[in-house]
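Student: I have a model open and would like to learn how to read it. Can we begin with contacts between charges and rings?

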Amino acid sequence: QVQLVESGGGLVQPGGSLRLSCAASGSIFYLNAMGWYRQAPGKQRELVARITRGGSTNYADSVKGRFTISRDNAKNTVYLQMNSLKPEDTAVYYCKVEDLRVGILHDYWGQGTQVTVSS
């Protein structure tokens, strides 16, 4: 099993910044892609950003140019730097990692961290 601990959420004013962190621990075999998803009230969970082990990234159109995903493979940690935050970014943000075990990918989710953008 892989455990994920997220941190860095909170309340911020529009235009502000936050940095989310997600650290993986436990019985890790090989962490493949790592990513951040979010779910706003009444909406489906959506991909925010994803990064492969080699560093290739992809972003939701709504966050391109404002958010940056990165990872530290030595620390099994993924980060999400969020700048120029907007009220519509308000959501619970979830970390997800893919652990590759004997050719099979296993997905693990964090518990979620609340991000609220409001004046």
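Tutor: Start with Arg53, which lies over the face of Tyr30, at 4.5 Å from the ring centre. Keep in mind throughout that this is a predicted model.

Student: How many aromatic pairs does a search of the whole structure find?

Tutor: The general idea is that the distance of the centres and the angle of the planes describe a pair of aromatic rings. In this structure, the search turns up one such pair.

Student: Now the secondary structure. How many helices and strands does the protein have?

Tutor: There are eleven strands and zero helices. Read from the N terminus, the elements run β-β-β-β-β-β-β-β-β-β-β.

Student: Which strands form the open sheet, and in what order?

Tutor: Four strands make up the open sheet, in the order S1-S3-S8-S7, with antiparallel pairing. At its edges are strand S1 (2-7) and strand S7 (67-72), each of which pairs on one side only. From one strand to the next, the twist averages 15°.

Student: How many bridges join S3 to S8?

Tutor: Strand S3 (residues 18-26) and strand S8 (residues 77-82) run antiparallel and are joined by six bridges. To find your place in that pairing, look at Leu18, which stands opposite Met82 in S8.

Student: Which strands form a hairpin, and what lies in the turn?

Tutor: S9 and S10 form the hairpin, with two residues between them. In the turn, Val102 has a positive phi of about 50°. Strand S9 (residues 91-101) pairs with strand S10 (residues 104-109) in the antiparallel sense, over six bridges.

Student: What share of the residues is buried?

Tutor: Buried here means under 20% relative accessible area. Of the 119 residues in the protein, 41% are buried. As for contacts with a separation of 6 or more, residues 24 or more positions apart account for 54% of them.

Key
Residues numbered from 1 in each chain as written. Predicted model: local features only at pLDDT ≥ 70, side-chain atom pairs only at ≥ 80, totals over all residues. Heavy atoms only, no water. Pairing = 2+ DSSP bridges. Axes fitted to C-alpha atoms, helices over the stretch in contact; angles between N-to-C directions. Phe/Tyr/Trp six-rings, centres within 6.5 Å; stacked < 30°, edge-to-face > 60°. Lys NZ or Arg CZ within 6 Å of the ring centre and 35° of its normal. Buried < 20%, exposed > 50% of the residue type's maximum accessible area, 1.4 Å probe, protein only. Contact = heavy atoms within 4.5 Å.
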